[in-house]
Amino acid sequence: MLINYGLTKDNGKNRSLISNPRLKIATKMSHLKIKFTIMKNAIVAYATLLFLSGAAFADGLVEGNSEAGKAKSITCSACHGPDGNSINPVWPSIAGQHAKYMVEQLKAFKSGARNEPLMLGQVMLLNESDMANLSVYYSGMQPTEKTVANPETIEHGQRIYRGGNRETGASACIACHGPTGIGNPAASVPSISGQYAVYLAAQLRAYATGARQSDGPTRVMRDIASRLSEDDILAVSSYMQGLN
Ligand code: HEC
Ligand code: HEC
């Protein structure tokens, strides 16, 4: 269990994860939650690791200056809202999103790994320290809570979120995104709690078609999204919007 996936490399906090008794319990719980995917060893090991790393190194992953971020955020607020909570369900809320994940996404827009013209126009004007400053600034903001988008599909959405799709082999979302949807800062698993269902569904489709490749060599979300039907996507996205 002491595999180092590079998560601990740059913050100098390399230490034995398993020696902490609270982490041992967390490991057991995560195994229970994702037990049906137990055959898919690779994903289970990955998911377990995400739980451990999040518990151990939650903060201080990006060095940035929030004040400098604020100064750069005027243009962003036109779409993402002055407090990071967007008012258009097509534009994601970024208040409280994890800084490390946001920096990676801004770079992905720039490189084209995430192909999106609106954000490409924005990131062309940003250098690496702007990206860090903006991400630290937005990660400190308070996301607004929401309710599910479609009350009629709660059961379906919850089933997918907690158990995945057994027929197609899509993993349970809860394994990485967590029971409240908060994700995992150190492992760059985004928070999806209270995120707009319309935006989330669009991202799942983008992973499924490969238009979004920001999940990198693990292809984790491309693999999972391609195993979801359109009905699964709509139901689970609606459900995630209601998580908090
Ligand atoms: C013209 C509207 C617009 C402006 C201005 C804008 N964004 Fe965006 N932003 C978007 C859209 C649309 C997306 C979703 C893109 C997609 O579908 O891949 C997005 C996505 C993002 C994401 C990814 C969120 C996630 O959960 O993955 C981040 C981070 C982000 N924007 C930050 C910024 C920052 C920082 C600025 C200012 C420098 C900014 N945006 C300006 C429209 C905008
Ligand atoms: C093994 C871990 C893992 C599992 C299981 C998982 N995810 Fe993810 N998810 C990730 C990671 C890592 C990312 C960020 C990838 C990237 O950088 O593009 C992500 C990103 C996402 C995003 C994009 C969010 C945004 O702000 O743009 C959505 C939507 C999403 N996941 C939904 C789901 C759903 C629905 C399920 C279950 C059917 C699921 N995930 C299962 C790890 C996981």
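Guide: Helix α10 passes helix α12 in a right-handed crossing, where a crossing is left-handed if the near helix is turned anticlockwise from the far one by less than a right angle, and right-handed if clockwise. Helices here are DSSP runs (H or I, at least four residues), numbered from the N terminus. This is a predicted model, in which local features need pLDDT of at least 70, side-chain atom pairs count only at pLDDT 80 or more, and totals for chains, interfaces and linings use all residues. Residues are numbered from 1 along each chain as its sequence is written, while chains are lettered from A and ligands numbered from 1 in the order in which they are written.

Visitor: Why is α10 called oblique to α12?
Guide: The two helices pack at an angle of about 135°, with their axes 8 Å apart. Axes are lines fitted to C-alpha atoms, for helices over the stretch in contact, and angles run from 0 to 180 degrees between N-to-C directions. Angles under 35 degrees count as roughly parallel, over 145 as roughly antiparallel, 65 to 115 as roughly perpendicular and the rest as oblique, and the angle of α10 to α12 therefore makes the pair oblique.

Visitor: Which residues make the contact of α10 with α12?
Guide: On α10 they are Ala 197, Leu 200, Ala 201, Leu 204 and Arg 205, and on α12 they are Ile 233, Leu 234, Ser 237, Ser 238, Met 240 and Gln 241; two residues are in contact if their C-beta atoms, placed from the backbone, lie within 7 Å. By class, this contact has 7 nonpolar, 3 polar and 1 charged residues, where Ala, Val, Leu, Ile, Met, Phe, Trp, Tyr, Cys and Pro count as nonpolar, Asp, Glu, Lys and Arg as charged, and the others, Gly among them, as polar.

Visitor: What makes α8 and α12 perpendicular or parallel?
Guide: Helix α8 (residues 154-163) packs against α12 at an angle of about 90°, with the axes 7 Å apart, and the two are therefore roughly perpendicular to each other. The residues in this contact include His 156 and Tyr 161 of α8, together with Asp 232 and Tyr 239 of α12.

Visitor: What can you say of α5 and α7?
Guide: Their axes come within 8 Å and cross at roughly 135°, which means that α5 is oblique to α7. α5 passes α7 in a right-handed crossing, and among the residues that meet there are Met 102 and Leu 106 in α5 and Met 131 and Tyr 138 in α7.

**Around the ligands**

Visitor: What surrounds ligand 2?
Guide: Its shell holds 27 residues, the closest being Ser 171, Cys 173, Cys 176, Ser 214 and Asp 215, and it divides into 18 nonpolar, 7 polar and 2 charged. Helices α2, α9, α10 and α11 each supply at least two residues of that shell.

**Confidence**

Visitor: How do you know where to be careful?
Guide: By pLDDT, the predictor's confidence in each residue, from 0 to 100, which stays under 50 over residues 1-29. Where pLDDT is low, the predicted coordinates should not be read in detail. For the protein chain the mean is 83, and 76% of its residues reach 70 or more.

Note on methods:
A residue is near a molecule or strand if its C-beta atom, placed from the backbone, lies within 6 Å of it.
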